[in-house]
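Let us take a walk through a protein model together.

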Amino acid sequence: MSGGDRQWPEGREKAFATHLIHFGAEIDASTGASSVPIYQASTFHHDTIDKQMAYDYARSGNPTREALETQIALLEGGTRGFAFASGMAAISSAFMLLSAGDHVICTEDVYGGTYRLLTTILNRMNIETTFVDMTDLDAVTAARKPNTKAVFLETPSNPTLKITDIAAVASWAKQHGLLTMLDNTFMTPYYQRPIELGVDIVLHSATKFLGGHSDVIAGLAVVADESLGNRLKQIQNGMGNILGVQDSWLLMRGIKTLKARMDIHEANARKLAAWLVSRSDIERVYYPGLPDHAGREIHERQARGYGAVVSFDVGSEERAKRLLDRVSIPLVAVSLGGVESILSYPAMMSHASMPKSVRHERGIGDGLVRYSVGLEDIDDLLTDLERALKS
Ligand SMILES: *Cc1c(COP(=O)(O)O)cnc(C)c1O
């Protein structure tokens, strides 16, 4: 389309909030439509057989999925983005960059699905993993072996929100030629941009805050450099675990409101955390925004916000179960990052497969619950919790 003078002053970078909505493909080039069309097509017609086409088969490339991939690459500040069928599809594809005989150093309180992938699937492919406390840089460096090829980070971690120093681990890894991957699901690129801190691949369960409405399962990956991009493209095309076009469109729609949602999620989460701290019947509260949270200083150096996941210990399994039974606003479910509050119980949900002794060692006690704070009125959420906690 031709027409008016829609120029942007050269040399001036647009802000994140603008990029969320104006990411390049937000206006359909052929019709001017206000959203990316859903190209519900599996293949593309060859006008003449000799001409190279932009798209030939939709596993390899589809304009709707590509628009989302462009959007997330821009938001994370990487060179290329990839959309996958789930967060685990994105994470497992990134691990396909490794080969048999390679060794991985992984944070010990990694997402349960990633733990399962490493310990029950990739181990069979002769890819071995050492799990370390990544808040301790000495533990990370001590884990390196001659065949170490990659380091996998997740910060803040789940559910006790431990903080890893991203730049410190990434620069050490770079010195030794190791690939760094980081699961950025809890923070989203609005709060934390790992590529700027030296990380090679950023991974997301877009099912959570990016999608934001608990209505789509999706995964995203963004790479820092072009050659990694080419390798991951080959894997995405070869494994075929792409995100469908309907879900790609839904995800783009969700991402447009990311900043607006995160601002309210976080304001609510801060109030909830402070309220919990003030109560004598709560044993412990985990939230990176609390003054005494271990690693808060590091977190503030590498992130612009604290997110909206608050974990707290009510003292016993009995009390936790009563709370889950009595709350009337949050979903009681696994998952997080939706417009609705979601309360989960790690001991019987996300961390049920972890031996009790290991679970307790990691601070995931029988009284620990995780609250993903939604966009409801915060006073209603507190009133609800107050009632549910009263014995
Ligand atoms: C949910 C989640 C995943 C897995 O994502 P799916 O979309 O469920 O496959 C990975 N990492 C973190 C931190 C998560 O919360």
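**Around the ligand**

Start at the ligand, which is surrounded by Ser86, Gly87, Met88, Ile91, Tyr111, Glu154, Asp183, Thr185, Ser205, Thr207, Lys208 and Ala218 (a residue is near a molecule if one of its heavy atoms lies within 4 Å of it). Keep in mind that this is a predicted model, in which local features need pLDDT of at least 70 and side-chain atom pairs count only at pLDDT 80 or more, while totals for chains, interfaces and linings use all residues. Residues are numbered from 1 along each chain as its sequence is written, and side-chain values use heavy atoms, with hydrogens and water left out.

What kinds of residue make up the shell around the ligand? By class, there are 4 nonpolar, 5 polar and 3 charged residues. Here Ala, Val, Leu, Ile, Met, Phe, Trp, Tyr, Cys and Pro count as nonpolar, Asp, Glu, Lys and Arg as charged, and the others, Gly among them, as polar. Helix 3 (residues 87-95) gives the most to this shell, with 3 residues. Helices (H or I, at least four residues) and strands (E, at least two) are DSSP runs, numbered from the N terminus.

Now look at single atoms. A polar side-chain atom of Asp183 lies 2.6 Å from a nitrogen atom of the ligand. Taken alone, the ligand exposes 380 Å², and the protein buries 92% of that (areas come from the Shrake-Rupley method with a 1.4 Å probe).

**A covered strand and its partners**

Next, find strand 7 (residues 219-223), where 5 of 5 residues are buried, meaning under 20% relative accessible area with a 1.4 Å probe and protein chains only. Gly219, Ala221 and Val223 lie on one side of strand 7, and Leu220 and Val222 on the other. Strand 1 (residues 80-84) runs antiparallel to strand 7, joined by 5 bridges, and Gly81 has Val222 as its bridge partner. Strand 6 (residues 201-205) is also antiparallel to strand 7, again with 5 bridges; there Ile201 is partnered by Val223.

Leaving aside residues up to four places away in sequence, Asn184 touches Glu76, Pro189, Gln192, Pro194, Val202, Leu203 and His204 (contact means heavy atoms within 4.5 Å).

In helix 4 (residues 112-121), the buried residues include Gly112, Leu117 and Leu118. The buried residues of helix 4 pack against helix 3, strand 2 (103-107), strand 3 (128-132) and strand 4 (148-154).

Finally, 5 strands form an open sheet of mixed pairing, in the order 8-9-12-11-10 (two strands pair if DSSP finds at least two bridges between them). Strand 8 (284-286) and strand 10 (331-332) stand at the edges with a single partner strand each, so one side of each has no neighbour in the sheet. Strand 9 (residues 309-313) and strand 12 (residues 368-372) run antiparallel, joined by 5 bridges, with Val310 standing opposite Tyr371.

Conventions:
Polar contact = N/O pair within 3.5 Å; in protein donor to acceptor, adjacent residues only side chain to side chain. Buried < 20%, exposed > 50% of the residue type's maximum accessible area, 1.4 Å probe, protein only.
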